[in-house]
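Q: Please take a close look at one part of this model, going through its packing and then its surroundings. State the cut-offs behind each term as it comes up.

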Amino acid sequence: MKRNTKLVALLLVLVMALSLVACNKPSNNETPGDQYTGGDTLVVGYDLFSQKFSPFFATTAYDQDVAGMTQVGLLTSDREGNMILNGIEGETNKFNGTDYTYKGIANCKITKNDDGTITYAFTLRNDVKFSDGSALTADDVIFTMYVLSDPTYNGSSTFYAQPIVGMKEYRSGVTALSNLLLADGPDATSEYYTAEQAAYYWNAFNEAGLAFAKATLDDIIATYADSYAAYFPNRSYAEAAAFWGYDDVTTEADFWAALVENYGYDISDTGINYEKVNTSIVDLIEEKLGDKADEYAAGVVVGDSAASITGIKKTGEYSLEITMSKYDATSIYQLAVSVAPLHYYGSDAEYDYAANKFGFKKGDLSGVKAKTTAPMGAGAYKFVKYENGVVRFERNEHYYKGAPKIKYINFQETDAGNKFAGVSAGTFDITDPNFDTATVDAIKEANGGNLSGNKVTTYTVDNLGYGYIGICANTVKVGTEKDSDASKSLRKAFATLFSVYRQTVIDSYYGDRASVINYPISNTSWAAPKPADEGYQVAYSVGVDGNAIYTANMTEEEKYTAALAAAVEYLKAAGFTYADGKFTAAPEGAALSYNVIIPADGIGDHPVYAVFTKAKAALATIGIELTITDPSDSNVLWNALEAGECQIWAAAWGATIDPDMYQVYHSSNIVGLEGSTESNHYSITDDELDELIMNARESEDQAFRKSTYKACLDIILDWAVEVPTYQRQNAIIASTTKVNVETMTPDITTFWGWMNDIELLEMN
């Protein structure tokens, strides 16, 4: 049976029919927000919700947006993702030549202490209120941080992973009963649980497992059987399992046994839950546990555990300090927590800061989880209800920036393919359609040729991530040394040829919806080099002699010829034998033939596919073979990457606000290394790069970090393990006839979405 590979978890998007509802004002017997549309209601087309509308436990972006409407963050950021540390007075930063002032609920002063620790001192505004009118104080912030730090917390936040002084001592010695059982296995006994408790849990675990296996196989068939009919002639579980990478499976019981064989009892997103399409094993286990779910989620004391986190200190009714053992540039983003109301999610009776009581019993988050479907906070809007696929909000009259202009907002579920049609038909006022050619053409047709006009207004933003071509240093090298000049020259030969075709290919595939990038970093990042920066260079535009390959007046065809000539010189430098215009032999460890994997649905439908076909034709003229593998199942690529077997591939990276390069490029994370995150698929191992990454991570000087990251990017390009390719765009569209687009927040960016300044938005 095939195992030792992890498969990509894909979200199944279900189709929901849309209905048009009459535009009526609420009658006397309607509750606020009950109407779908109306002069004082904004309707937003949304993807399906999972109904985990919690600032602590929301997992999908859509659920997080619902919770976010009701919340305020301890800190905020500007249009470039920079944190605002003086939110009370406000900070004015320039963007695109315009000054914008950003305000928030707190100030933060960062101090480096003599003992090497770092203190973040927060001062809160004293006039912020939750939607029920109660004051937001330091106690609410402390309660929030303790929920996120609890030993039994299992949400998506990694606040607990920050180097906060005393965090490790607080979380040690306590673990959830379910985690203890999973760690021990079904045959173990323990002083911490009874045989009856173990039997009940493992019965629920296996019932949930069978349901998970069946749902996953059903989802695979529903998602892929029509598109990949050759793989599903009988639409059977055996075919679905084989498509997902599992052999010898005919029933859901077989599939569940295979999952347990592969992952053991790890139900995390890197374990069994990694295989999900649209169903979570964690949710199913909780469902099967029924009324006893809280019992198994509760903490069990198995050793010494500190009563409090010494690095979280209340200094006043509206102030607190967080002390960390060391500086980490990414920590400030984790500290920007959504401040949840203690009196709603916790218990005032369980809060006594001086007595180490923080709003709930340590190890018992059942009260917090009980409010998962109904969020509450100090945000611009308050949650009313979710019903029939619609989340209803009403404005928060207590919002600290002023009550919003629009009284009601509805988030309405829809299929992605219906989003533009919904705006066109008047069902939605704002939405985020797939920004593909068909949608662009439809928008232009509606507007008489423009993306923004009298029917639809379009806002485009760079996607938080970028497309790239990867070259593995361990599989594309000369001899045994992947960092030798010869090995780098071999990879630069391919990179130079791939690079020259980027502009034509990306323009053809995306039009003006994407741009070519020259450094392996998203253009959305403040650390991304700009063309006007000193030392900026087009990727792989220099030959083996150090001179520029291209001149300003070259045509595209002339550039192609120059790039091929440069590739020839790089291959010669790598030790390849060249005679009569062809390479006839490769040096030891290298080859005359290399393979590319590009998941283009088996039909060449990928932004980079034409780059490889053009490079293949050019390389063939000099005796180098480039084979292209285009699997209909993208798992072929992910499995090859995770096995360290891939040579060249095309994919895309997602990015974060902070450009920390540790996970992707640090040598400690190369594939196959024990304890690695296995995200360094390039197998780049460079001591200087490692040192620079850590230096940048531990500095608070952004200018220093930017220059250090530029040095990192130059090293990555010198290794020629990544060809930065394209930065695509996403879009938000609004009905010009229904939304007063003049009141939409200006200069929308990846980090500053349309919901910023939502209190100022108006309807026509």
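A: The crossing of helices α5 and α8 is right-handed, a term used when the near helix is turned clockwise from the far one by less than a right angle, anticlockwise being left-handed. The model is predicted, and local features need pLDDT of at least 70, side-chain atom pairs count only at pLDDT 80 or more, and totals for chains, interfaces and linings use all residues. Residues are numbered from 1 along each chain as its sequence is written, and side-chain values use heavy atoms, with hydrogens and water left out.

Helices here are DSSP runs of H or I with at least four residues, strands are runs of E with at least two, and both are numbered from the N terminus. Two packed helices are described by the angle between their axes and the distance between the axes. Each axis is a line fitted to C-alpha atoms, for helices over the stretch in contact, and the angle between N-to-C directions runs from 0 to 180 degrees.

Helix α8 covers residues 281-289, and its axis comes within 8 Å of that of α5, crossing at roughly 130°. The two helices are therefore oblique to each other; angles under 35 degrees count as roughly parallel, over 145 as roughly antiparallel, 65 to 115 as roughly perpendicular, and the rest as oblique. From α5, Tyr200, Tyr201, Ala204, Phe205, Glu207, Ala208, Gly209, Ala211 and Phe212 meet Ile281, Leu284, Ile285, Lys288 and Leu289 of α8. By class, the residues of this contact are 11 nonpolar, 1 polar and 2 charged. Contact means heavy atoms within 4.5 Å. As for the classes, Ala, Val, Leu, Ile, Met, Phe, Trp, Tyr, Cys and Pro count as nonpolar, Asp, Glu, Lys and Arg as charged, and the others, Gly among them, as polar.

Helix α5 (residues 195-224) also packs with helix α7 (residues 252-263): their axes come within 8 Å and cross at roughly 110°. At that angle α5 and α7 are therefore roughly perpendicular. On the α5 side the residues are Phe205, Asn206, Gly209, Leu210, Phe212, Ala213, Lys214, Thr216 and Leu217, and they meet Glu252, Ala253, Phe255, Trp256 and Leu259 of α7. The α5–α7 contact has 9 nonpolar, 3 polar and 2 charged residues.

Asp248 is not a glycine, yet its phi is positive, about 60°. With 62% relative accessibility, Asp248 counts as exposed; the term means over 50% relative accessible area, buried means under 20%, and partly exposed lies in between (1.4 Å probe, protein chains only).

Helix α5 also takes part in covering helix α4. In α4 (residues 177-184), the buried residues include Leu177, Ser178, Leu180, Leu181 and Leu182. Among the elements that cover them are β8 (174-176), α5, α9 (293-297) and β9 (299-301). After α4 comes Gly185, with a positive phi near 95°.

Asn635, Leu637, Asn639, Ala640 and Leu641 are buried in α19 (residues 635-642), and the buried residues of α19 pack against α6, β23 (593-597) and β25 (648-654). Gly644 follows α19 and has a positive phi, near 70°.

The side chains of Lys52 and Asp283 form a salt bridge, at 2.8 Å from N to O. This pair links distant parts of the chain, 231 residues apart: Lys52 is in the loop between β1 (41-46) and α1 (61-69), and Asp283 is in helix α8. Both partners are partly exposed, Lys52 at 24% relative accessibility and Asp283 at 33%. A salt bridge is a side-chain nitrogen of Lys or Arg within 4 Å of a carboxyl oxygen of Asp or Glu, and by this rule the count comes to 21.

Two others can be set beside it. Glu397 and Arg395 form a salt bridge whose closest N and O atoms are 3.1 Å apart. Lys559 and Glu556 form another, at 3.9 Å from N to O. These two are 3 residues apart in helix α17 (residues 556-573), about one helical turn. Lys559 is partly exposed at 26%, as is Glu556 at 33%. Salt bridges with shared partners also join Asp47, Lys419 and Asp432 into one network.
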